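Have the sequence and the 3D view at hand while reading.

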Amino acid sequence: LSRSMNEMKRLEEMSNMFQSSGIRCQPPDPKSQTEGNEDSQGKEQPWEMVMDKKHFKLWRRPITGTQLYQYRVFGTYTDVTPRQFFNVQLDTEYRKKWDALVIKLEVIERDVVSGSEVLHWVTHFPYPMYSRDYVYVRRYSVDRENNMMVLVSRAVEHPSVPESPEFVRVRSYESQMVIRPHKSFDENGFDYLLTYSDNPQTVFPRYCVSWMVSSGMPDFLEKLHMATLKAKNMEIKVKDYISAKPLEMSSEAKATAQPSERKNEGSCSPARIEYA
């Protein structure tokens, strides 16, 4: 979470520095898996600009040792609040209504203390590919002192969701979204930084997969934006995750969490749930 916030700050500083000069700024390189292990894996590949618009910039870079890419988006919205945008991402019930690609989206387990959730997500893929399913843990943090919100997700295994012959299981998936309000959580305007990678298990060449992701990511983000606008204008009720605190849950939420705690005893440890 801290690393994601630091990357957001660095990218904002670079963007502001080069904005007037017209120079294309490179996104900051995260100190991630290769840190301290450069001798065995070599340096990470540089970021390549894929899309450069005024309020939307998309980069990609090869993931060392694979045929896959990691993607990074830096964007801005000015007509919705950070709180609305953040909550719409987290509200699984509302997403079933605005995302036509969702076949199934359920919270499998929830950790009362950390607020981490394990989800099962089944989504349509373009024809002729089979639908994909993801089992992943997500965790979010609201840093009021630094005026930031962070949502991180990562694929995990869970005994309640064995692999199904109906879908292709995606076992490698990571996503980090950082939101930085221009003013406050409840005033229109914010920047966001999204870093994303997954292995969709396709037989298509890397350039085909890259094209699908590069075109699909802006489309998804705009759907998310439009869903946020719709919720705002039509006053659709969306759960407020920013105000909700894991230790101050309602009796209904506690009742939901109790079976998950019992499930942990013989299956998935709390340590795994907290790791995102």
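## A cluster of rings

Which residues do ring pairs link into a cluster? The members are Trp121, Tyr134, Tyr136, Tyr173 and Tyr196. The model is a predicted one, and every value below is computed from it.

The structure holds 14 aromatic pairs. One of them joins Phe85 and Phe190, whose ring centres are 4.9 Å apart with 40° between the planes, a tilted arrangement. Phe85 belongs to helix H3 (residues 82-90) and Phe190 to strand S10 (residues 190-198), so this pair ties together parts that lie 105 residues apart in sequence. Both Phe85 and Phe190 are buried. In the pair of Trp121 and Tyr136, the planes meet at 80° and the centres are 6.3 Å apart, so the pair is edge-to-face. Here the link is between strand S5 (residues 117-123), which holds Trp121, and strand S6 (residues 132-143), which holds Tyr136, so the parts tied together are 15 residues apart in sequence.

Are Trp121 and Tyr136 buried or exposed? Trp121 counts as buried because its relative accessibility is 11%, under the cut-off of 20%. Tyr136 has a relative accessible area of 6% and is buried too.

## Charges over rings

Two arginines are placed over aromatic rings. The charged end of Arg60 sits over the ring of Tyr69, at 4.3 Å from the ring centre. Arg132 lies over the face of Phe125, and the distance to the ring centre is 5.0 Å.

## The protein as a whole

The protein has seven helices and ten strands. It consists of 276 residues, of which 48% count as buried. Among contacts with a separation of 6 or more, 60% are between residues 24 or more positions apart.

## Strand S10

How many of the nine residues of S10 are buried? The count is nine of nine. Cover is found on both faces of the strand. One side carries Phe190, Tyr192, Leu194, Tyr196 and Asp198, while the other carries Asp191, Leu193, Thr195 and Ser197.

S10 pairs with strand S3 (residues 69-77) in the antiparallel sense, over seven bridges. In this pairing, Val73 has Leu194 as its bridge partner. S10 also pairs with strand S9 (residues 173-181), again in the antiparallel sense, over nine bridges. There, Pro181 is bridged to Phe190, the residue that also forms the tilted ring pair with Phe85.

## The nonpolar cores

In soluble globular proteins, nonpolar side chains tend to be buried together. In this model, the largest nonpolar core has 40 residues. Those with the most contacts inside it are Val73, Val88, Met177, Ile179, Tyr192, Met217 and Leu221. Which helix gives the most to this core? Helix H5 (residues 206-233) does, with six residues.

Leu221 shows what such contacts look like: leaving aside residues up to four places away in sequence, Leu221 touches Phe56, Val73, Tyr77, Met177, Tyr192 and Leu194. Of these, Tyr192 and Leu194 lie on one side of S10. Another core, of eleven residues, lies apart from the largest one, and its members include Met5, Met49, Val178 and Leu193.

Key
Residues are numbered from 1 along each chain as its sequence is written. This is a predicted model: local features need pLDDT of at least 70, side-chain atom pairs count only at pLDDT 80 or more; totals for chains, interfaces and linings use all residues. Side-chain values use heavy atoms; hydrogens and water are left out. Rings of Phe, Tyr and Trp (its six-membered ring) pair if their centres lie within 6.5 Å; planes under 30 degrees apart count as stacked, over 60 as edge-to-face and the rest as tilted. Helices (H or I, at least four residues) and strands (E, at least two) are DSSP runs, numbered from the N terminus. Buried means under 20% relative accessible area, exposed over 50%, partly exposed in between (1.4 Å probe, protein chains only). A charge sits over a ring if NZ of Lys or CZ of Arg is within 6 Å of the ring centre and within 35 degrees of the ring normal. Contact means heavy atoms within 4.5 Å. Two strands pair if DSSP finds at least two bridges between them. A nonpolar core is a set of buried Ala, Val, Leu, Ile, Met, Phe, Trp, Tyr and Cys residues joined through side-chain atoms within 4.5 Å.
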